[in-house]
Amino acid sequence: MKPAMLMIGEATERMLGRLSETFEVRHPEGDVAAWIDANGADVEYVLSKSHDGVSAAMMDAMPKLRVISNYGVGYDSIDTEAAVKRGIMVTHTPDVLNDEVANTAVLLMLAAARNLVHDDAYLRAGRWEAEGPAPLSRSVRGLTVGIVGLGRIGTTIAEKLGVFGVDIVYHARSEKDVPWRYFGDLTEMADAADILIVITPGGAETKHMVNASVLNALGPQGILVNVARGSVVDEAALIEALKTGRLGSAALDVFENEPHVPAELIAMDNVTLLPHVGSATVETRQAMGDLAVENLVRMADGGKPVSPVPECRD
């Protein structure tokens, strides 16, 4: 008899096809927590493809749970501390999305610096023909780019930025053996930078680490790019800084209460907005799905997962 596996969120036919070879896949609609309360007693495996994640209470309702495979590199929606206490393995999908998220960060940086959203609207409104050329934008060459979080993706961003003639600095929990200048204090780095690119993990430890002080230090010509988690940036402080001119512009792929995006941000033409699509290419999402499934199958076969989260590594 195949072990029971709960699928939280949607999955591709490719993922479901391989999962069904090993597991009895259960894919409830509606209130997942309520379904778990009623039906979770024999669930041994979970694949989470949802920002709602897996809470400690949900784990308690699945006493046989062995593995939670997270579809994505960020796993702050899963109560990993609770999982570790219960002996539950948590995995995620790092590395396979480094390039695309880094490409999105660079895309957003250039869009903000070159006034892409404003100029697109300027042309579509007929203002080029009626009023003449759009206002000048900025070159990134010679600017200082501060990277907030120098993990796998942050390092990839820094490497890609090398061709743009920028000065790269970074802030992380500790200094690393890299050729870029380290700042232990984020506000000090923001004061030294022209552009901040945020790519640190989400969760309680990083909630609102980009606050009003950091935004004020970045300044009225500064650009904030966020491809991390919406929770890392104090969204209310960001809106206020943009409205008052204390921050020049922002380019955002993530938001505090997704999929809700504040109307104030939508109304601003100095803000570039994407609907959390940093890794959303066909190739990358297929690779993420393959890895999320592989982690489950390996554990079901008695092996070790390819990519456990740091808290679950030997």
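**Charges, cores and buried residues of the protein chain**

In the protein chain, the mean positions of the 27 positive and 44 negative charges lie 4 Å apart. Here Lys and Arg count as positive and Asp and Glu as negative, while His and the chain ends are not counted; the place of a charge is NZ of Lys, CZ of Arg, CG of Asp or CD of Glu. The structure is a predicted model, in which local features need pLDDT of at least 70 and side-chain atom pairs count only at pLDDT 80 or more, whereas totals for chains, interfaces and linings use all residues. Residues are numbered from 1 along each chain as its sequence is written, and side-chain values use heavy atoms, with hydrogens and water left out.

The secondary structure comprises 13 helices and 12 strands; helices (H or I, at least four residues) and strands (E, at least two) are DSSP runs numbered from the N terminus. The C-alpha trace spans about 70 × 45 × 30 Å along its principal axes. Of the contacts with a separation of 6 or more, 59% join residues 24 or more positions apart, contact meaning heavy atoms within 4.5 Å. The accessible surface comes to about 15100 Å², and 50% of it belongs to carbon and sulfur atoms; such areas come from the Shrake-Rupley method with a 1.4 Å probe, and for residues only the protein chains shown count as cover.

Buried residues make up 48% of the 314 residues, where buried means under 20% relative accessible area, exposed over 50%, and partly exposed in between (1.4 Å probe, protein chains only). In soluble globular proteins, nonpolar side chains tend to be buried together. A nonpolar core is defined as a set of buried Ala, Val, Leu, Ile, Met, Phe, Trp, Tyr and Cys residues joined through side-chain atoms within 4.5 Å. The largest such core has 69 residues, and Leu47, Leu161 and Ile197 have the most contacts inside it. Helix 5 (residues 98-113) gives the most to this core, with eight residues. Apart from it lies another core, of 30 residues, including Phe183 and Leu218.

Leu6 lies in strand 1 (residues 4-8) and is buried, with a relative accessible area of 0%. Beyond its neighbours within four places in sequence, Leu6 is in contact with residues including Trp35, Tyr45 and Leu47.

Met109 is placed in helix 5 and is buried, its relative accessible area being 0%. Among its contacts beyond four places in sequence are Leu161 and Ile197. In helix 8 (residues 152-161), the buried residues include Ile153, Ala158 and Leu161. The buried residues of helix 8 pack against helix 5, strand 6 (144-148), strand 7 (167-171) and strand 9 (195-198).

His118, found in helix 6 (residues 116-124), counts as buried because its relative accessibility is 17%. Leaving aside neighbours within four places in sequence, His118 is in contact with Arg127, Pro135 and Asp269. Glu294, found in helix 13 (residues 282-300), likewise counts as buried, at 19% relative accessibility. Residues up to four places away not being counted, Glu294 touches Arg18 and Val306.
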